[in-house]
Amino acid sequence: MLPTETEDSPSDLAKIVQSSKQTKQARVCGGADHRLLRSLANTGAEVMVTVPNSRLQHMAEFREEARLWVAANVAPFLPATMITHVLAGDDALSSSSGSPGDAHSLVPA
């Protein structure tokens with residue numbers, strides 16, 4: 001199984017994803033790491049980008065903020081990086097993830 005977090009460089013993660021026979025998926029947690037997204041370009045990996053919990057409530061209140069986040073953190077990497085999903089929150093339902101209000105911001109975000 002491919003780890004979702006690594007201390008390796010972005011290019012090391014791209015090599016792991018390319019060589020993996022189990023999966024060609026990567027999850028970019030804690031926001032869109034631009035170096036990591038560039039390193040996954042043209043690898044054929046399906047990439048899921050996660051909006052940080054800290055941004056959920058603001059995005060839930062202001063739809064334009066969500067559009068701007070996608071324009072800055074997803075659109076510039078398409079189509080070379082195959083971003084298939086944008087996930088709302090790192091771990092918004094976990095009781096240890098910070099603000100209890102995060103879960104209430106998931107649907108509007």
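At what angle do the axes of α3 and α4 cross, and within what distance do they come? I take that up in point 2, after a word on the source.

1. This is a predicted model, in which local features need pLDDT of at least 70 and side-chain atom pairs count only at pLDDT 80 or more, while totals for chains, interfaces and linings use all residues. Residues are numbered from 1 along each chain as its sequence is written, and side-chain values use heavy atoms, with hydrogens and water left out.

2. The axes of α3 and α4 cross at roughly 125° and come within 5 Å. Axes here are lines fitted to C-alpha atoms, for helices over the stretch in contact, with angles from 0 to 180 degrees between N-to-C directions. Helices (H or I, at least four residues) and strands (E, at least two) are DSSP runs, numbered from the N terminus.

3. From α3, Arg-55, His-58, Met-59 and Glu-61 meet Arg-63, Glu-65, Ala-66 and Trp-69 of α4. Contact means heavy atoms within 4.5 Å. Trp-69 also touches residues beyond four places in sequence that include Val-49, Pro-52 and Val-86.

4. Trp-69 is among the residues with the most contacts inside the largest nonpolar core, alongside Leu-37, Val-47, Val-49 and Ile-83; this core has 16 residues. Such a core is a set of buried Ala, Val, Leu, Ile, Met, Phe, Trp, Tyr and Cys residues joined through side-chain atoms within 4.5 Å. β2 gives the most to it, with 3 residues.

5. β1 and β2 pair in the parallel sense over 4 bridges (pairing needs at least two DSSP bridges between the strands). Gln-25 has Glu-46 in β2 as its bridge partner. Buried means under 20% relative accessible area, exposed over 50%, and partly exposed in between (1.4 Å probe, protein chains only).

6. Two loop residues deserve a look. The peptide bond from Leu-78 to Pro-79 is cis, with omega near -5°; Pro-79 lies in the loop between α4 and β3 and is exposed at 76% relative accessible area. Asn-42, in the loop between α2 and β2, has a positive phi of about 60° and is exposed at 66%.
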